[in-house]
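Dear colleague,

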Amino acid sequence: MSHNLKENERELIKLVNYFRKHAEKLVSENKVDAEFQQLIDTCEKFAQQLNLHAQRREEVLQQREQLKNLVKDNALCPKCHKNTHLKFVGIDKHPQGWKCNKYKCRKCNIEFVWSRPNNPWDMIPYVEGFVKELQQKIENEATSEDEKQLALETVNQMQGNLDKLKPVIEASDLDFNELNERDEEMAKMIHEFKNHLLIIKIKMDTWESRKN
């Protein structure tokens, strides 16, 4: 059984296993007809389907966690300009909308919000905005040739990083959205199958009472 099963999925797996074993016992004792053999097959297939879905969920969510860890903000205390005494204390929202890490410097006894995004999703618009500023600087006649050259090299490097990061983020978002849609579908199927098993339970009880 997958460790990433939701509570309703875990409950149904237990219920499915119970009915499968109970149906196998009744079939072996010739107490029920062939439809219960079909129930056994259906239970096994549904349990497999649930476990495969849970494994896929685990893969997608692990990938999302790995993506979150791509961004290292390398925060520095604005007072002592060191990171040796920083303690992460939470997450704040930048006025421009991205999420940032909040720290406390135990040496200077101050709290501050690091202005850079703490995740790759917000990092994309952040870098795009920075690239736009550099491009404006390059186009500015007052900018020296040396400054233009440095800005152009920075833009090329950042654009290259964006070109690599954006497809990965888009693919992850697509997988995540598909997972959420599949979760909703599975929740409906679980509800319907659970009701079906409860009806079957009544039939089982009826068959047992007749044969006893």
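Arg64 sits over the face of Phe176, at 4.2 Å from the ring centre; a charge is taken to sit over a ring if NZ of Lys or CZ of Arg is within 6 Å of the ring centre and within 35 degrees of the ring normal. Please keep in mind that this is a predicted model, in which local features need pLDDT of at least 70 and side-chain atom pairs count only at pLDDT 80 or more, while totals for chains, interfaces and linings use all residues. Residues are numbered from 1 along each chain as its sequence is written, and side-chain values use heavy atoms, with hydrogens and water left out.

A search of the whole structure gives four aromatic pairs, where rings of Phe, Tyr and Trp (its six-membered ring) pair if their centres lie within 6.5 Å, and planes under 30 degrees apart count as stacked, over 60 as edge-to-face and the rest as tilted. The rings of Phe88 and Tyr103 have centres 6.1 Å apart and planes at 75 degrees, so this pair is edge-to-face. Phe88 is partly exposed at 46% relative accessibility, whereas Tyr103, at 10%, is buried (buried means under 20% relative accessible area, exposed over 50%, partly exposed in between, with a 1.4 Å probe and protein chains only). Ring pairs link Phe88, Tyr103 and Phe112 into a cluster.

As for the cysteines, the structure holds zero disulfides, a disulfide being a pair of cysteine sulfur atoms within 2.5 Å. The sulfur of Cys77 has its closest cysteine sulfur in Cys105, at 3.7 Å, which is too far for a bond. Cys80 is likewise in no disulfide, with the nearest cysteine sulfur, that of Cys108, 3.8 Å away.

Best regards
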